[in-house]
Amino acid sequence: MTPNLSTADLIDDHGDTLRSCSTQFRRFGGRTTFFGRIRTVKCHEDNGLVKQVLNTPGEGAVLVVDGGGSLRSALLGDMIGESAVANGWAGVVIFGAVRDTRALGELDLGVKALGSNPRKSVKDGAGRLDVPVTFGDVTFVPGEWLYSDEDGVVVSAEEIGL
């Protein structure tokens, strides 16, 4: 948990150096506020790369998943979420759907997504890893920093001391 994190205060203090995501996400994880260095996955209705990445050491990073806005199948569920916690990830932001929402809410992990769907995705591993992805008027660049709380998601090219 990061009690001193306020995206509104960050915007007030840092203005146009921050990019504010206009996508209106729902919160599903047990962590209300989270931040970390960005990693990315671009995929469509296939969570193979999401699972692969979250099974590696996260070192406090945030995985940003561009699922193309599809709500037809979930890109994250409880088992992959548990792997993310065990591997030290701070959070996951998904431009797509999740499942197992009750269980995700109990995890010490920030999870934001567009919505939920109980349907599993395919697991072929199709997609791209650590490439810039864009949604909500923001381009998420691997290595930059994401900050998230109840008010939204902001991105900075540099780490901001909290």
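Reader: Phe25 first. Buried or exposed?

Author: Phe25 is buried, at a relative accessible area of 16%. Buried means under 20% relative accessible area, exposed over 50%, and partly exposed in between, with a 1.4 Å probe and protein chains only. This is a predicted model: local features need pLDDT of at least 70, side-chain atom pairs count only at pLDDT 80 or more, and totals for chains, interfaces and linings use all residues. Residues are numbered from 1 along each chain as its sequence is written, and side-chain values use heavy atoms, with hydrogens and water left out.

Reader: How many aromatic pairs?

Author: The count is 4. Rings of Phe, Tyr and Trp (its six-membered ring) pair if their centres lie within 6.5 Å; planes under 30 degrees apart are stacked, over 60 edge-to-face, the rest tilted.

Reader: What kind of pair do Phe25 and Phe135 make?

Author: Edge-to-face, because the planes are at 80°, with centres 6.1 Å apart. Phe25 sits in the loop between β1 (18-20) and β2 (26-27) and Phe135 in strand β8, so the pair ties together parts 110 residues apart in sequence. Strands (E, at least two residues) are DSSP runs, numbered from the N terminus.

Reader: And Phe135, buried or exposed?

Author: Buried, with a relative accessible area of 5%.

Reader: Which residues do ring pairs link into a cluster?

Author: Phe25, Phe95, Phe135 and Phe140.

Reader: Switching to backbone. What is phi of Asp137?

Author: Near 65°, a positive value in a residue other than glycine. Asp137 is in the loop between β8 and β9 (138-140). Asp137 is exposed, at 69%.

Reader: Where is Asp130?

Author: In the loop between β7 (128-129) and β8 (133-135). Asp130 is partly exposed, at 31% relative accessibility.

Definitions and conventions
Helix = DSSP H or I, 4+ residues; strand = E, 2+ residues; numbered from the N terminus.
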